[in-house]
Amino acid sequence: IMYNTTMNSMVLAQEWERALSLFSEVKQAPQLRPSQITYNTAIIACEHGQNWTLALHLLDEAFKALPQPDAPGLAAAMRVCAKAQQWARALHLWSNAQQAELLPDMAVYDAAIYSHAKGRQWTEALQLSAELVQADWELSEISYRGLLSACAEQWVTALHLLSRMQQESLRPNALDYGEVVSACVRCQEMQTATRLLRSPGLAGERRE
C-alpha cells in the first residue's frame, strides 16, 4: 500500500519517471507483487510521460498478471495512444475491452470518444455518446469536449452539442467555444462564428 501511495504522489507531482522507477523496483522485489492499483498508476505515469509504447506493454502485463485489469489503466493507455496519434491502437483496446466484457466506466467511454475524435470519426463518437445516454449514463464536460473535437468540420452538430451542454447545466469553457468557432470558420459560417465570439457565455469565461 505504501509504494502505491508513493507512486501516486509522484505522478501527481509530475515526477512520472520516478514513479516508473519505483514500479520497476516493486516488480523486482521478491516479496512484493504489483496490484491493480500499482499497474494503473504506472500506466498513468506513462500517460504523463507520453510514452504510449510502455503504456501498452504494461497494460498487456496487467492483463496477464491480474484476474481482470480495471478501468483507470485501460483509460490511461487509450488516452496516451490517442494523444500520440495512435488512435487506431486506442480503439483496438476499446474493442478488446468490450469483447472481454470489462466493467464499464465513464473514463473508458470518454477515452473512446476522444480516440474517435483523434481519428476524425465524428459519427462513431456521436453514436457512442447516444448509446451512453440511452443507457442512462450522464455525459460530462470531458465527454462533450471529445465530441466537440470530433465535430471539427461539422459546425451544425458542434453548435448543437454546445447548446446541449448548457441545457444540461454543464459550463462550456473558452476552449469549448473555440472548438465550435473553429468548426464554423472551417465551414465558412463566419456570421455564426462572430456571434459565438460575442456570446455572453464566452464573455463570462474571459472575465474569469
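The legends below describe an overall view and several close-up views of one predicted model.

The model is predicted, with local features requiring pLDDT of at least 70 and side-chain atom pairs pLDDT 80 or more, while totals for chains, interfaces and linings use all residues. Residues are numbered from 1 along each chain as its sequence is written, and side-chain values use heavy atoms, with hydrogens and water left out.

**Figure 1. Overall view of the helical chain.** The chain contains 13 helices and zero strands, where helices (H or I, at least four residues) and strands (E, at least two) are DSSP runs numbered from the N terminus. The C-alpha trace spans about 65 × 40 × 30 Å along its principal axes. Of the 208 residues, 43% are buried; buried means under 20% relative accessible area, exposed over 50%, and partly exposed in between (1.4 Å probe, protein chains only). Among contacts in the chain with a separation of 6 or more, 62% are between residues 24 or more positions apart, a contact being heavy atoms within 4.5 Å.

**Figure 2. Surface and charges of the chain.** The chain carries 17 positive and 22 negative charges, and their mean positions are 6 Å apart. Lys and Arg count as positive and Asp and Glu as negative, with His and the chain ends not counted. Each charge is placed at NZ of Lys, CZ of Arg, CG of Asp or CD of Glu.

**Figure 3. Domain 1 and domain 2.** The domain assignment gives domain 1 (1-119) and domain 2 (129-207), with bounds from an automatic or database domain assignment. Their C-alpha centres lie 29 Å apart. At the interface, seven residues of domain 1 are in contact with twelve residues of domain 2.

**Figure 4. Close-up of the salt bridge between Arg18 and Glu15.** The structure holds six salt bridges, each defined as a side-chain nitrogen of Lys or Arg within 4 Å of a carboxyl oxygen of Asp or Glu. In one of them, the N to O distance between the side chains of Arg18 and Glu15 is 2.8 Å. Both partners are partly exposed: Arg18 has a relative accessibility of 47%, and Glu15 has a relative accessible area of 33%.

Figure 5. Glu47 and Arg79 form a salt bridge with their closest N and O atoms 2.8 Å apart. Glu47 lies in helix H3 (residues 36-48) and Arg79 in helix H5 (residues 71-83), so this pair ties together parts that are 32 residues apart in sequence. Glu47 is buried, at 11% relative accessibility, whereas Arg79 is partly exposed, at 25%. Glu47 also forms a salt bridge with Lys83, with the closest N and O atoms 3.0 Å apart. Because Lys83 lies in helix H5 and Glu47 in helix H3, the pair ties together parts that are 36 residues apart in sequence. Lys83 is partly exposed, with 44% relative accessibility. Through shared partners, the salt bridges join Glu47, Arg79 and Lys83 into one network.

Figure 6. Asn40 counts as buried, at 9% relative accessibility. Leaving aside its neighbours within four places in sequence, Asn40 is in contact with Asp70, Pro72 and Gly73.
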